[in-house]
Amino acid sequence: MDFELTEEQKMLQTMTRNFAQDELEPIADELDQKNEFPHQNFKRMAELGLTGMIIPTEYGGSGSDHLSLAIAVEEISKACASTGDVLSAHLVICSYTINIFGNEEQKKKYLPPLAKGEKVGSFAVTEPEAGSDISRIQTTAVRDGDDYILNGQKVFITNGDVCDVVVVFAGIPELAPRGMTAFIVEKGMPGFTKGKKFDKVGMRAGSTAELLFDDCRVPAANRLSEEGRGMKIALGSLDYGRIHVAAQGLGIAQAALEKSVAYSKERVQFGAPICQNQAIAWKLADMATEIEAARLLVYKAAYLADHGQSFGKNAAMAKLYATELAMRSAHQGIQIFGGYGYMMDSPMQRYFRDAKLTEIYEGTSEIQRLVISRAVLG
Ligand SMILES: Cc1cc2nc3c(=O)[nH]c(=O)nc-3n(C[C@H](O)[C@H](O)[C@H](O)COP(=O)(O)OP(=O)(O)OC[C@H]3O[C@@H](n4cnc5c(N)ncnc54)[C@H](O)[C@@H]3O)c2cc1C
């Protein structure tokens, strides 16, 4: 078994690590306070080719492997998890879905501007009555000549207030209960508007909004794949997305460890740095060990995706473990920082708030356990 990254993957890791440390981390707290889409970070990711990773070169991307993307998301999330979240929604679940399920015309039209970061992508399945159970979506799509007419409301959509292209899931009533179908909807299509923006606990340097469809006319040419294949598409994309939410959690956990190590060496109490207390040193040992385990889970899931093998169970395991680890690491990090860790100018509070979301979106921890237990029980 080869645990070495390739030369290309190492170069990508160094590049994203430097970019994240030099450009993202210094402004992460400021952007966190704004609760807005981080336009400058997105523009820089586009310039560095990060918004087009995993998209084939013929559609304007860099055609990189899935493990490279997981590495990039980890490095970015270590510095600013919200920016990792923005990239994931844009590339991992929007562009990826179009690339896997779109036809040639759709890929040629939509992927190049998404890959180059000229357009921002979103993925919209969640609704007020349909969260974990996406089969309950109420948004409808009714055929009208060469178009479909969409009506409904999507909530909690990452990049929602700024998106130019969104993969939307709606049910075709006459095919119910198996009518879920995916569509590519563009900003400016009649009847498509952005609703309220949500005020979040964490990941505040990204934006989350409602999307509204009021007799929204979408050309039939924008239907992704066949009518009734929406559930398969949504679950396939979310399975894949979990690898990169896991990578976000991994980045947050690694950041919490590094900051905790540095602080525990500097902070002196009872005449010695606090890291000389076994109680503190062992917290660091546990964090480091679990991070190593989480990284192996994330890399394994990405490796399976790269080798065309089934990765759903592994992606769920990676997401479950890495995101719960992000919470544990931020929790222990605050403890290591003591009272300073509880202050809003400490890095730990942001990790703590950001980590919580990773346990919720793209399938909660409970849903990951459901997926894994079903695979285990057969
Ligand atoms: C900030 C943010 C950004 C998001 N971005 C997007 C996005 O870009 N696109 C998108 O489509 N969606 C997005 N979501 C939606 C997200 O995926 C859902 O919030 C998530 O899947 C959970 O759904 P819910 O919030 O309705 O909770 P519910 O499904 O109502 O769950 C509530 C609780 O019940 C538990 N539960 C539910 N069913 C079961 C079960 N069968 N067994 C055990 N426990 C269960 C859950 O684990 C949870 O603890 C986002 C959410 C947030 C908060």
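This report describes the overall build, the domains, the nonpolar core and the ligand shell of a predicted model.

## Basis of the model

Residue numbers start from 1 along each chain, as its sequence is written. The model is predicted, with local features requiring pLDDT of at least 70 and side-chain atom pairs counted only at pLDDT 80 or more, while totals for chains, interfaces and linings use all residues.

## Overall build

The protein chain contains ten helices and ten strands; these are DSSP runs numbered from the N terminus, with helices (H or I) of at least four residues and strands (E) of at least two. Its radius of gyration is 21 Å, close to the 21 Å from the globule rule for 378 residues, so the chain is as compact as a globular protein of that length. The radius is taken over C-alpha atoms, and the rule is 2.2 Å times the number of residues to the power 0.38. Along the principal axes, the C-alpha atoms fill a box of roughly 80 × 45 × 45 Å.

Of the 378 residues in the protein chain, 52% are buried. A residue is buried if 20 or more other C-beta atoms, placed from the backbone, lie within 10 Å of its own, exposed if 12 or fewer, and partly exposed in between.

## Domains

An automatic or database assignment supplies the domain bounds: domain 1 (7-119), domain 2 (122-228) and domain 3 (231-377). The centres of domain 2 and domain 3, taken over C-alpha atoms, are separated by 30 Å.

Contacts (C-beta atoms, placed from the backbone, within 7 Å) link 13 residues of domain 2 with ten residues of domain 3. The side of domain 2 that touches domain 3 has nine nonpolar, four polar and no charged residues. Nonpolar here covers Ala, Val, Leu, Ile, Met, Phe, Trp, Tyr, Cys and Pro; charged covers Asp, Glu, Lys and Arg; the others, Gly among them, are polar.

## Nonpolar core

A nonpolar core is a set of buried Ala, Val, Leu, Ile, Met, Phe, Trp, Tyr and Cys residues joined through C-beta atoms within 7 Å. The largest one has 116 residues, and Phe 183, Ile 243, Ala 253, Val 298 and Ala 322 have the most contacts inside it. Helix H6 (residues 230-266) gives the most to this core, with 16 residues.

Beyond neighbours within four places in sequence, the contacts of Ile 243 include His 66, Val 298 and Ala 318.

## Ligand shell

Around the ligand are 22 residues, of which Thr 126, Gly 131, Ser 132, Thr 364 and Glu 366 come nearest; a residue counts as near if its C-beta atom, placed from the backbone, lies within 6 Å. Strand E1 (121-124), strand E3 (147-158) and helix H10 (365-377) each give two or more residues to the shell.

By class, the shell has eleven nonpolar, eight polar and three charged residues. Both domain 2 (122-228) and domain 3 (231-377) contribute to the shell, so the ligand lies between them.

Key
Two residues are in contact if their C-beta atoms, placed from the backbone, lie within 7 Å.
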